[in-house]
Amino acid sequence: MEPFEPTIVAFVCNWCTYTAADLAGTSRLSYPKNIRLIRVMCTGMVDPQYVIKALLEGADAVLVSGCHPGDCHYINGNYKARRRIRLLKEILPRFGFEPERLRLTWIGASDGIQFAEIMRDLTSQIRAIGPSQTRQTMII
Ligand code: FES
């Protein structure tokens, strides 16, 4: 049996974390291939339904990552995201998901090294938790 490799969906802000991911790539920094990046214009547009849908459709974890507080290009989108993620972490257990399967981070455009480190850390954390219940019940 092959070792468990998590699938992680990452909603990343165009202005910072996506640029950091690009920088990590052009700097040839290695990070796990488990991350599926979805570029959004701001973390403030990440609807809680997107997170729940990703988890229900087989993602083992979801990352939302955007500009540092005070740096949002749309003034307060990241503050809205922070409030939503806090509430989502409270309701995720009702869907059968551990709150650790959802993470919010701030990664600036020049933080390619930090991006790679966070991707490695998140992937190893989810490997330790194991596959999500949804994935275990899915017939692939
Ligand atoms: S523009 Fe990056 S989080 Fe709002």
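1. Helices here are DSSP runs of H or I with at least four residues, strands are runs of E with at least two, and both are numbered from the N terminus. On that basis Thr 123 belongs to helix H4, residues 112–129. The model is a predicted one, in which local features need pLDDT of at least 70 and side-chain atom pairs count only at pLDDT 80 or more, while totals for chains, interfaces and linings use all residues. Residues are numbered from 1 along each chain as its sequence is written, and side-chain values use heavy atoms, with hydrogens and water left out.

2. Thr 123 has a relative accessibility of 0% and therefore counts as buried, a term that stands for under 20% relative accessible area, with exposed meaning over 50% and partly exposed the range in between, for a 1.4 Å probe and protein chains only. Once its neighbours within four places in sequence are set aside, Thr 123 is in contact with Pro 6, Ile 8, Pro 32, Asn 34 and Ile 35, where contact means heavy atoms within 4.5 Å.

3. Asp 60 sits in the loop between helix H2 (48–56) and strand S3 (61–66), and with a relative accessible area of 0% Asp 60 is buried. A polar atom of the Asp 60 side chain lies 3.0 Å from the backbone nitrogen of Ser 132. Outside the four places on either side in sequence, the residues in contact with Asp 60 include Phe 4, Glu 5, Pro 6 and Thr 7, as well as Arg 101, Ser 132 and Arg 135.

4. Phe 11 lies in strand S1, residues 8–13, and is buried, its relative accessible area being 6%. Leaving out neighbours within four places in sequence, Phe 11 is in contact with Ile 38, Val 40, Val 46, Tyr 50, Val 62, Leu 63, Val 64 and Ser 65. Between Phe 11 and Ile 113, which are 102 residues apart along the chain, the C-alpha separation is 18 Å.

5. How do H2 and helix H3 (residues 77–91) cross, and at roughly what angle? Their axes come within 10 Å and cross at roughly 40°, the axes being lines fitted to C-alpha atoms, for helices over the stretch in contact, with angles that run from 0 to 180 degrees between N-to-C directions. H2 is therefore oblique to H3, given that angles under 35 degrees count as roughly parallel, over 145 as roughly antiparallel, 65 to 115 as roughly perpendicular and the rest as oblique. The residues that make the contact are Pro 48, Val 51 and Ile 52 on H2, with Arg 84, Leu 88 and Ile 91 on H3.

6. Arg 28 has a positive phi of about 60°; the residue is placed in the loop between helix H1 (17–26) and strand S2 (35–40) and is exposed, with a relative accessible area of 77%. Ile 75 has a positive phi of about 70°, is located in the loop between S3 and H3, and is exposed at a relative accessible area of 71%. Arg 28 and Gly 112, although 84 residues apart in sequence, are 9.8 Å apart in space from C-alpha to C-alpha.

Key:
Polar contact = N/O pair within 3.5 Å; in protein donor to acceptor, adjacent residues only side chain to side chain.
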